[in-house]
Amino acid sequence: MRLTRRDRLVLFAPAAVLLTGWLLLPALLGLFATFTTYTPFGTLVRFSGLQNFAAVLRDREFGAAVRNIAVFTIVAVPLELGIGLALAYLLRRPIRGRGLWRVLLLVPWLVSPIANGVMWHFLFGSATGVIDFVLGWLGRPDVPSPTGNAGLALPVTIAVEVWRIAPFVTFLLLPGLSSIPTERWEDATLNGAPWIRRVLDVALPSLRPLLLAITMLLVGLSLGTFDGVLILTGGGPGTSTVTPALYSYRRAFGVNDWPAGAASAWLIAAGVFGAGLVYIRAVRTRQTA
Amino acid sequence: MSGLQGQRRRDSATRAILLTLALAVALLPLVWTALAAVGLRANNNTTPPSWVGPPTLDHFRDVGIAEPSFWQELATSTLSAACASALTVAASLPAAYGLARSHFRGDRLLTQGFLVLASLPAMAYVIPLSDLMRRAQLVDSFVGVVLTDSAVTAPLAIYVLHGAVSQLSSECEEAAWLDGAGLFRVISQIVVPLAAPSIVATAIIVFVLDWNLLLVPLVLTAGEIKTIPLAMSDFFTFERELEWPTAAAALMISLVPVAVLATVFHGVLDRFALNVPRVD
């Protein structure tokens, strides 16, 4: 028996109300507002065309944010996928205490981005940190925290995020990886395929849709990077780790430039929707081919 | 066959070594933090660096001194994440079921749309949302935070639960429909019991996401409702940098509840999976 129209209405209503009221409606109203001079406490609202977007795109700080997040995404997402896949590959066959291994390896993801920033802030710090502790034992002088170094701040921010997210990728990949029949691995092993070939020829083809879905989530996560940098670097030094989300937040709530905040936030959304189109195309092409 | 067995033995030895190494990288920073929280921290000013002892639980008390409402914030965090997780699952499960069991043009595309929506950073819509919530008198309210948390996590929950329901055979449901059972009975007596592990796993993951969410409470509250991530960001933004052991203790308090939750339910968490539907 099929669901009736009424059934469907009942089933979809709660999620529809929640998502419309608290996600789609604000997003769309925000989009309309960015084409006007609207501010929450202003009284005069006029149509302003693309002025808000033009102002954001002209802003050097936003340019730096876009550059940073591009580097961040291009470096972090493949690393998270690669490390996550490697760990999942190691855990794919039952070993003693696999359940415990899985949960212990997931622990970094349980740390909130903000707590993660606090933790690494201190781990990099000279009086309290692990780096200078090791260097001290080696008889080397202390090094200043890399988060204060314009050249190192972004790589370090990426590394810290990869540390937190790669375990979650493992967690998401493991069900898919363990559902690959054992015979296929053994065939490949018997044929003398080295591990890299086994991964490329056995794992990747069957994991493709899952990997694409995880990549989508990771790209969105990366493009929205906010609390991961808020405390670790605060966007600094200078603009070396500022991200579009941090920029939007500071525009809207820090300097009360609401239109710039809303417009730049919509540029983030546009980036994610762009990635979404690529994702849906990629999931599709596979199946028609 | 001995070649295969030998290969296997070598493989498992390599595997054990690599996994131990990975575990060390994953846990070392947290062990360092846990040690600091109980008063065992490094002193890098001596040569060679030394340890400051003895072990103490005083730093956990210091958290309450540095942030007098910390324990109340812990309660707010727990309660809001629990309510948001429950609401997310309650709203997502029917939608996921409806999506899995009805066929219309573009139904799979819609499902994939939820994954894209799940990837959309909250920053994309919280700025106008904060304005709407102010007008709806929901700023700085528990209800406002819970509803927004739920909206943030619902797309992911719908996607995951859709995957879980799709994998269930619909035979039992068909039989129940034929017996004249209504929609509510089919869901509560057949779908929920069969999908229970996936539902619990989704609720736990959503709880963790809500527990760790900073942006929503940051933008939608003004001091009345405060969660742990918000308190942690305040520790540093008000120009008062906390002592490392106190910060470490606060960090441990924020991590331990979710770590315990994940450990207790590790068997169920296996069922959290992204099942990617075919798009046609």
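User: Why is Asn256(A) called exposed?

Analyst: Asn256(A) has 12 C-beta neighbours inside 10 Å, and because a residue with 12 or fewer counts as exposed, Asn256(A) is placed in that class. The model is a predicted one, and in it Asn256(A) sits in the loop between helix H11 (244-254) and helix H12 (258-288) of chain A. Its phi is near 55°, a positive value in a residue other than glycine.

User: What makes Asp140(B) partly exposed?

Analyst: Here the count is 17 C-beta neighbours inside 10 Å; since a residue is buried at 20 or more and exposed at 12 or fewer, Asp140(B) falls in between and is therefore called partly exposed. Asp140(B) also has a positive phi, about 60°, although it is not a glycine, and its place is in the loop between helix H5 (123-135) and helix H6 (142-166) of chain B.

User: How do you know how chain B, with its 280 residues, stands against a compact globule?

Analyst: The radius of gyration of chain B is 24 Å, whereas a compact globule of 280 residues would have one near 19 Å. The C-alpha trace of chain B spans about 75 × 75 × 30 Å along its principal axes. As for burial, 49% of the 280 residues of chain B count as buried.

User: Which elements make up chain B, and in what pattern do they follow along the sequence?

Analyst: Chain B has twelve helices and two strands, and the pattern read along the sequence is α-β-β-α-α-α-α-α-α-α-α-α-α-α. Among the contacts in chain B with a separation of 6 or more, 78% are accounted for by residues 24 or more positions apart.

User: Into which domains is chain B divided, and how far apart are their centres?

Analyst: The assignment divides chain B into domain 1 (2-55) and domain 2 (59-269), and the centres of these domains, taken over C-alpha atoms, are separated by 32 Å. Six residues of domain 1 of chain B are in contact with seven residues of domain 2 of chain B. On the side of domain 1 that touches domain 2, helix H1 (residues 2-37) of chain B gives the most, with four residues, and the residues of that side divide into three nonpolar, two polar and one charged.

User: What is in contact with Met123(B), leaving aside its neighbours within four places in sequence?

Analyst: Met123(B) is in contact with Gly224(A), Phe226(A), Ala245(A), Ser248(A), Tyr249(A), Ala265(A), Ile268(A) and Leu215(B). For a pair to be listed in this way, the C-beta atoms of the two residues must lie within 7 Å.

Note on methods:
Residues numbered from 1 in each chain as written. Chains lettered and ligands numbered in written order. Predicted model: local features only at pLDDT ≥ 70, side-chain atom pairs only at ≥ 80, totals over all residues. Rg over C-alpha atoms; globule rule 2.2 N^0.38 Å. Domains from an automatic or database assignment. Nonpolar A, V, L, I, M, F, W, Y, C, P; charged D, E, K, R; others polar.
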